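The exercises below are meant to be worked through with the sequence and the model side by side. Try each task before reading its solution.

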There are 2 protein chains.
Amino acid sequence: MFNVGLLLFIPYRELEERVLAAVTAAGFHDLTLAQARVFQRIAAEGSRITDLAASTHVTKQTASSLVRALETTGFVERVPDPADARATLVRVAERGAAAVEVAAREIRQIEDEWRGRIGARRYERLKRDLDALSRVSPD
Amino acid sequence: MFNVGLLLFIPYRELEERVLAAVTAAGFHDLTLAQARVFQRIAAEGSRITDLAASTHVTKQTASSLVRALETTGFVERVPDPADARATLVRVAERGAAAVEVAAREIRQIEDEWRGRIGARRYERLKRDLDALSRVSPD
DNA sequence: AACAATAGTCAGGTACTCTGACTGTGTCCA
DNA sequence: TGGACACAGTCAGAGTACCTGACTATTGTT
């Protein structure tokens with residue numbers, strides 16, 4: 001059996017690649033993996049650049065430039081944060097929401113496969129345990 | 001609870017970063033994350049560039065350049081593959097083995113923490129289930 | 001009002017990764 | 001057995017991702 005790192009990485013990478021492939025196949029050709037990683041962390045109310053940077057483990061500068069790219073291609077929009085004039089809120093735009101739907105559908109598909117592989121009960125337990133391991137750093 | 005992708009990614013990323021930090025702290029300052037990802041896939045008997053490329057999801061060219069960097073810094077060595085004159089076997093060199101030890105120690109530490117978090121029995125079950133999910137693509 | 005902290009951007013540089021083109025070696029079969 | 005094709009790996013060139021350092025504007029704190 002592989003080491004834990006690989007055990008986590010292999011299914012993660014498979015999911016990530018399949019989701020991006022599905023999104024691309026649906027006509028969203030201008031979304032890169034790095035952009036998608038930032039994109040998926042945008043909260044429903046909108047997120048600040050700084051928070052996106054922290055949760056994706058990149059610098060503010062990198063997050064900022066990825067968000068700019070996402071804005072140019074219409075996946076997100078920026079609005080000034082009403083609570084803080086220094087900050088900008090990044091929100092999912094219309095085109096982004098359409099891409100989210102495609103991604104969600106593919107994820108459901110993959111989860112169904114995974115449930116089939118190890119059984120629904122064990123799959124839910126797996127997610128619960130992973131959640132417990134994730135809780136250290138509040139991403 | 002996060003989506004499955006993030007549930008896999010968050011602990012994975014934590015482990016990866018902590019291990020690299022430990023290795024760096026042990027004096028191996030010239031190892032990058034991308035290099036480490038290739039490095040950890042080298043089999044005991046040695047691995048071919050092409051196989052390393054496939055298992056890390058990068059092109060042969062990328063794998064080749066990462067291996068060259070690892071060779072320059074003394075982590076790996078290349079030997080001609082006795083079975084195929086076209087191929088080179090990449091093997092862990094002395095310095096690489098020392099880094100592996102540091103990494104393994106840190107991984108044990110992290111696994112102990114994780115066992116403490118969800119219990120040893122559930123942790124082993126988690127790894128078994130992840131292994132089952134990884135088995136699709138024989139990495 | 002002065003000072004430190006925070007949100008974000010600009011600039012410059014390195015690392016990573018890709019596509020395309022190429023050399024040399026192995027394999028297969030007509 | 002000789003030629004076509006497949007495969008291992010490298011070279012060259014280009015784009016993306018990501019970083020450090022320096023800066024502006026705003027906020028909070030004393």
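**Exercise 1. Which residues come closest to DNA strand D, and which elements and classes make up the surface near it?**

Solution. Bear in mind throughout that this is a predicted model. Begin by counting: 20 residues surround DNA strand D, and the closest are A:Thr32, A:Ala85, B:Thr50, B:Ser64 and B:Ala87. Next, assign the surface to elements, and you will find that helix 2 (33–39) and helix 4 of chain A, together with helix 3 (49–56) and helix 4 of chain B, each supply at least two residues. Finally, sort the surface near DNA strand D by class, which gives 6 nonpolar, 9 polar and 5 charged residues.

**Exercise 2. Carry out the analysis for DNA strand C, and find which element gives the largest share of the surface near DNA strand C.**

Solution. Around DNA strand C there are 24 residues, of which A:Thr50, A:Ser64, A:Ala87, B:Thr32 and B:Ala85 come nearest. The elements giving two or more residues to this surface are helix 3 (49–56) and helix 4 (60–72) of chain A, along with helix 2 (33–39) and helix 4 (60–72) of chain B. The largest share, 5 residues, comes from helix 4 of chain B. Divided by class, the surface near DNA strand C has 8 nonpolar, 10 polar and 6 charged residues.

**Exercise 3. Describe the secondary structure of chain A, and work out which strands stand at the edges of its sheet.**

Solution. Chain A has 6 helices and 3 strands, and along the sequence these follow the pattern α-α-β-α-α-β-β-α-α. The 3 strands form an open, antiparallel sheet in the order 1-3-2. Strand 1 (47–48) and strand 2 (76–80) of chain A each have a single partner strand and stand at the edges, so one side of each is left without a neighbour in the sheet. Now look at one pairing in detail: strand 2 of chain A is joined to strand 3 (residues 88–92) of chain A by 5 bridges, and the two run antiparallel. In this pairing A:Val79 stands opposite A:Leu89.

**Exercise 4. How do helix 3 and helix 4 of chain A pack, and which residues meet?**

Solution. Two packed helices are described by the angle between their axes and the distance between the axes. For helix 3 and helix 4 of chain A, the angle is about 110 degrees and the axes are 8 Å apart. Since angles of 65 to 115 degrees count as roughly perpendicular, helix 3 of chain A is therefore roughly perpendicular to helix 4 of chain A. The crossing is right-handed. To locate the contact, find A:Ile49, A:Thr50, A:Leu52, A:Ala53 and A:Thr56 in helix 3 of chain A, which meet A:Lys60, A:Thr62, A:Ala63, A:Ser64 and A:Val67 in helix 4 of chain A. By class, this contact has 5 nonpolar, 4 polar and 1 charged residues.

**Exercise 5. How many residues does each chain bring to the contact of chain A with chain B, and which helix of chain A gives the most?**

Solution. The contact takes 33 residues from chain A and 33 residues from chain B. On the side of chain A, helix 1 (4–25), helix 5 (94–118) and helix 6 (120–134) each supply at least two residues, and helix 1 of chain A gives the most, with 12 residues. The residues of this side divide into 18 nonpolar, 5 polar and 10 charged.

One helix pair across the two chains can then be examined. Helix 1 of chain A and helix 6 (residues 120–134) of chain B pack at an angle of about 45 degrees, with their axes 9 Å apart, and this angle makes helix 1 of chain A oblique to helix 6 of chain B. Their crossing is left-handed. In helix 1 of chain A, the residues A:Val4, A:Leu7, A:Leu8, A:Ile10 and A:Pro11 meet B:Lys127, B:Leu130, B:Asp131, B:Leu133 and B:Ser134 in helix 6 of chain B. By class, the contact of these two helices has 7 nonpolar, 1 polar and 2 charged residues.

Definitions and conventions: Residues are numbered from 1 along each chain as its sequence is written. Chains are lettered from A and ligands numbered from 1 in the order in which they are written. This is a predicted model: local features need pLDDT of at least 70, side-chain atom pairs count only at pLDDT 80 or more; totals for chains, interfaces and linings use all residues. A residue is near a molecule or strand if its C-beta atom, placed from the backbone, lies within 6 Å of it. Helices (H or I, at least four residues) and strands (E, at least two) are DSSP runs, numbered from the N terminus. Ala, Val, Leu, Ile, Met, Phe, Trp, Tyr, Cys and Pro count as nonpolar, Asp, Glu, Lys and Arg as charged, and the others, Gly among them, as polar. Two strands pair if DSSP finds at least two bridges between them. Axes are lines fitted to C-alpha atoms, for helices over the stretch in contact, and angles run from 0 to 180 degrees between N-to-C directions. Angles under 35 degrees count as roughly parallel, over 145 as roughly antiparallel, 65 to 115 as roughly perpendicular and the rest as oblique. A crossing is left-handed if the near helix is turned anticlockwise from the far one by less than a right angle, and right-handed if clockwise. Two residues are in contact if their C-beta atoms, placed from the backbone, lie within 7 Å.
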